[in-house]
Amino acid sequence: MAGESSLYRYIWRHSRSEQLTVLAVALAAQPIYFLSLTLPKLIVNGAISDNDYWAAHATRNFLHLIVDIPQSLQAWLGKQWVILSGFDLARESYLLALCISFLVLVGFTGFLKFLMNTMKGRMGERLLRRLRYELVDRVLRFPSSQLRRAKQAEIASMVKDEVEPLGGFIGDAVVWPVFLAGQALTALTFILVQNVWLGLVAGGVVAAQAMIIPRLRRPILKLGKQRQLTARQLAGRVGEIVDGGADIRVHGTSNWERAEIVRRLAKIYDIRFDIYQRKYFVKSLNNFIAQMTPFVFYLIGGYLAIKGKMDVGQLLAVIVAYKDLPGPIKELIDWDLARQDVQIKYDQVMDQFHPDDMVPPELQAPLDEVPELSGDVELKNVTAVDDAGFTLLDDVELKIALDQSTAITGGAGCGKEALGLLFARAVTVKSGSVKLGSVDLSQASDAFFGRRIAYAGPDGYFFPLTLRENLLYGLKYKPGALPKNCDHAAIDRYVAEARRAGNPDFLTDVDWLDYEALGARTPAEITDRIAEILDVVGLEYDVYQFGLQSRLDPKANPAAAERVVEARHALRARLQAENLSSLVESFDPGVYNRNASLAENLLFGASLDPELQASALPHLPHFRRVVAEEGLEGELVAMGLSIAETMIELFRDFPPDHPFFEEFSFIPAAELPAYQAIVKRAKTGGATYADRSQLSILPLRYVEARHRLGLITPQIRERLLAARRTFADTLPDDLRPRIEFYSPDHYNAAANLQDNILFGRISYGIAEAGTRVNAVMRDVLDRLDVRDVIIDAGLAYGAGAAGKRLTPAQRQKLGLARALIKNADFLVLNSVVSGLDDQQKSDIVDRVLAYRRGRGTVWVLTKDDLAPRFDRVVTFDHGRVVGDRTREAGARVAAQ
Amino acid sequence: MSVSDGPHMSILSEVDRLRRIPLFAQIDTSKLKLLAFTSERLAFEKGAVLFKQGDRGDSAYLILEGSVDVVVDSANGPVTVAHLGQNAFVGEMSLLCDMPRTAAIVATAPLDTLKIKKEQFFQLLRDMPQMALEILRELAERLNNTNKELSSAYAKLRSAGIE
């Protein structure tokens with residue numbers, strides 16, 4: 001594609017043989033198509049209605065194929081061509097033979113059409129695939145300055161939508177014009193043969209059409225170009241609205257955004273309307289010119305005929321022949337318009353994908369053997385500038401050893417960040433050279449960078465994958481071997497088709513992980529390794545928490561589930577031994593849990609189904625059935641009445657927007673008046689069915705230990721336990737697989753890991769209960785070696801789009817972990833933990849330095865206070881090195 | 001009433017206890033009920049520290065059951081300056097003003113408390129002016145008492161000839 005300015009050249013180069021094949025098939029189909037059109041006539045005339053012939057003959061010759069040559073051409077081509085001499089058949093057989101031939105021909109034409117369309121479609125799709133791949137390939141090779149400028153929604157709209165019409169056009173790029181031109185030429189030739197002058201008139205009109213129409217269409221194409229740009233920018237703006245959604249709300253500027261979008265829509269509308277007006281004007285003009293010809297024929301031909309200078313039959317033949325001319329001409333003109341349209345689309349897209357300084361493809365080729373990074377990293381007279389041309393680094397001379405840690409310090413804007421970004425290749429080196437051992441930075445391949453250098457900045461990007469995949473992302477720079485038990489035939493097909501479309505033959509389903517760099521191979525080793533890194537960056541606790549909140553599939557992982565149940569028992573034994581049992585109220589099938597809500601107590605199980613959550617219980621028919629069966633309704637209504645009275649008493653004087661409602665009230669502010677009326681009716685014995693059902697909902701959220709309204713008396717407790725049993729025993733079959741009841745000895749697949757381990761609720765009203773239970777739980781999990789199960793589950797947590805499900809601090813730690821786990825020879829950290837508090841920062845610096853001891857680590861520090869922990873401290877100011885001292889020298893200075 | 005069956009006590013009994021605190025003596029039952037409802041019932045073991053001296057205070061505790069020591073740091077280490085029991089209200093100054101805890105509170109027996117959070121307390125005062133007035137009255141009374149004590153102390157000092 002590089003330098004391929006014309007779409008046609010591009011199409012021809014990459015689909016020449018396919019285009020010619022389609023053309024050949026199309027040509028081959030013509031005579032057959034023609035035959036299938038003439039056969040019905042033969043069936044009627046020859047077999048059915050030609051009684052005179054059959055009265056005289058017993059048989060008729062079948063498959064006697066001759067081509068009659070028009071009289072005017074007989075001089076050159078002879079009177080007729082005999083293709084087959086055929087054989088004789090009786091009348092019925094003759095009819096049958098003709099009909100079967102018709103069927104065969106129709107079938108065959110259909111088949112050829114099918115073949116041709118598939119070939120065209122495939123050809124278009126292959127070329128489109130090639131083009132799209134090349135566009136994305138170019139994005140991957142964009143220089144960083146271009147990446148910063150590019151709007152992702154616009155790029156996406158180009159790659160996906162703007163090139164789409166090309167796919168449809170490519171199939172017709174050659175066949176269609178050849179065909180139409182052929183038809184038009186035949187018709188024109190025929191007219192010429194009949195009468196040279198009329199032929200010239202027809203030719204002249206066609207020529208005029210060909211001259212005028214494209215000229216008139218030029219402004220339309222220009223408008224089309226504008227429309228494409230405006231639509232693309234609209235896509236970009238929509239992307240911005242989504243990305244900046246939160247900030248738009250913060251600033252209350254949504255109406256400005258609306259105005260902005262409306263302006264763009266208005267512009268698109270205006271352009272579109274202009275296009276329509278011009279388009280339909282040209283269309284009617286075109287039709288008018290086409291109709292000019294018969295007008296001329298009738299007028300001049302008629303005049304000549306009247307004067308006896310022309311034969312009337314000849315004139316009719318010309319007029320009949322002419323009706324075949326405007327169709328192809330019109331289509332040809334339409335096709336040409338489509339051609340120019342896609343050419344413009346192609347140009348417009350290509351324009352955006354030709355920045356200067358693209359990364360040469362060879363620097364991105366995967367390497368089997370990546371050269372070692374040995375020696376020093378050396379900056380010689382490096383001057384670097386940013387996109388605007390401001391000097392970031394000014395003639396920097398610096399040698400960084402790969403066996404020690406180096407802190408880079410300095411005030412804001414001193415150039416230290418630029419030094420870090422140098423190794424992310426995100427600043428432009430204007431002069432001087434950067435040597436990575438023996439390799440020059442500007443010549444270093446991506447494979448070398450990926451393997452030997454690790455970089456993390458303050459705001460790394462994360463993919464919407466799991467934490468594990470994000471963490472290991474930096475180790476996927478080279479495809480691994482095919483798994484043994486894969487479908488080789490399918491893979492061969494995949495690879496062959498990829499190559500055909502000019503795509504590389506990389507497979508995503510092979511293992512891309514670099515196990516050597518990771519230093520682990522088995523899943524258990526990998527988890528250990530990840531856990532180690534998580535410890536270093538201080539993310540272990542977060543992942544552990546994610547793990548506790550996530551679910552484990554016991555069918556996929558029965559051993560882990562078993563260990564979790566073991567941990568559950570061990571935790572309970574530990575709490576008992578330490579006299580802490582009161583901190584957790586366990587789920588016991590025979591005991592009402594005072595720290596769980598009434599609904600949870602009735603359901604006594606977990607479900608992934610939204611209908612079967614405790615909060616959805618009032619809407620569950622089965623629940624209502626159980627309540628009726630157990631005669632619980634009266635109790636629930638009484639409890640509800642008591643709650644409603646209390647709520648009204650407590651909250652009636654508060655304004656509806658008071659935070660207390662949200663935090664404490666069982667009844668939302670808006671419903672308080674309605675409940676007041678309900679209570680009044682209930683007190684006077686006039687409660688309706690609806691009132692009673694409204695009241696009976698209230699106690700479902702009631703947690704005795706928390707709300708302390710004293711509603712769960714021993715009698716009610718027993719009734720509720722009975723209802724719990726009935727609920728489970730009479731559960732309809734369709735609900736049964738969707739809920740899992742708590743059972744002390746079984747893993748509950750619908751509950752998260754924390755609930756499975758704790759298997760109960762932390763007691764309300766005991767100081768520090770949560771913290772203390774967590775500490776014991778962690779210890780139990782460590783001792784039983786279940787922590788890796790939790791960490792594994794936590795690593796399956798999704799980071800969300802651009803890592804948005806993580807806090808900024810978690811993102812920074814994850815970015816650091818992702819760089820650290822690569823075990824690179826040279827690690828560059830650029831203000832990587834800027835979002836953390838001082839204590840965490842200092843702990844992480846210590847742990848990372850300990851982990852990287854003896855290996856090259858450069859850390860651009862946001863503040864100087866941590867610098868003394870490094871082997872060497874380099875200080876920048878105004879883009880220059882202004883201080884450089886080793887730990888020993890620093891210690892000496894401190895001693896003096 | 002022991003700690004173990006403490007949580008069985010409902011907010012009604014908590015209201016009863018709140019009423020015995022002079023600060024709340026004049027306040028409507030329904031408001032005290034609200035205060036109890038929005039507060040957290042919290043049990044401590046013997047030896048547990050409710051808060052340390054110098055902590056930023058964010059809540060006060062009504063001792064429902066058990067007893068506590070009030071411990072102040074001195075040059076010679078911690079000194080127990082008071083011993084409080086049932087119905088004591090500790091840490092209440094932090095409900096009204098932002099200041100560090102002036103003493104530590106240590107449970108000397110299994111403790112059952114009602115923890116009143118500053119945030120909720122403030123919300124109540126903001127929306128219930130009559131309650132704020134009651135608190136004001138109580139504080140003025142305390143100030144008056146303190147003034148009286150102060151002037152009598154002065155008088156004693158003066159009569160002892162130390163001035």
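# A walk through chains A and B

Start by selecting residues 633-651 of chain A, which is helix α24. Its 19 residues should span 27 Å at 1.5 Å a residue, and its end C-alpha atoms are 26 Å apart, so the two values agree. (The expected span is 1.5 Å times one less than the number of residues.) A word on names: helices (H or I, at least four residues) and strands (E, at least two) are DSSP runs, numbered from the N terminus.

Before going on, note that this is a predicted model, where local features need pLDDT of at least 70, side-chain atom pairs count only at pLDDT 80 or more, and totals for chains, interfaces and linings use all residues. Residues are numbered from 1 along each chain as its sequence is written, while chains are lettered from A and ligands numbered from 1 in the order in which they are written.

Stay on α24(A) and color its buried residues, among them Leu636(A), Met639(A), Ile643(A) and Phe651(A). Buried means that 20 or more other C-beta atoms lie within 10 Å of the residue's own; 12 or fewer makes it exposed, anything in between partly exposed, and C-beta atoms are placed from the backbone. What covers the buried residues of α24(A)? The cover includes α23, α25, α26, α27 and α29 of chain A, together with α2 of chain B.

That takes us across to chain B. Show the contact between the chains: chain B puts in 15 residues and chain A 14 residues. Two residues are in contact if their C-beta atoms, placed from the backbone, lie within 7 Å. On the chain B side, the elements giving two or more residues are α2 (29-37), β1 (40-44) and α4 (118-127). That side divides into eight nonpolar, four polar and three charged residues. (Ala, Val, Leu, Ile, Met, Phe, Trp, Tyr, Cys and Pro count as nonpolar, Asp, Glu, Lys and Arg as charged, and the others, Gly among them, as polar.)

Still in chain B, select β4 (residues 68-74) and β5 (residues 77-84). These strands form a hairpin with two residues between them, and seven bridges join them in the antiparallel sense. (Two strands pair if DSSP finds at least two bridges between them.) Look for Val71(B), which stands opposite Thr80(B). β4(B) is also joined to β7(B) (residues 104-107), by four antiparallel bridges, with Val70(B) opposite Ile105(B).

Last stop: His878(A), in the loop between β17 (872-877) and β18 of chain A. Most residues other than glycine have a negative phi. His878(A) has a positive phi of about 50 degrees. This residue counts as partly exposed, because 13 C-beta neighbours lie inside 10 Å.
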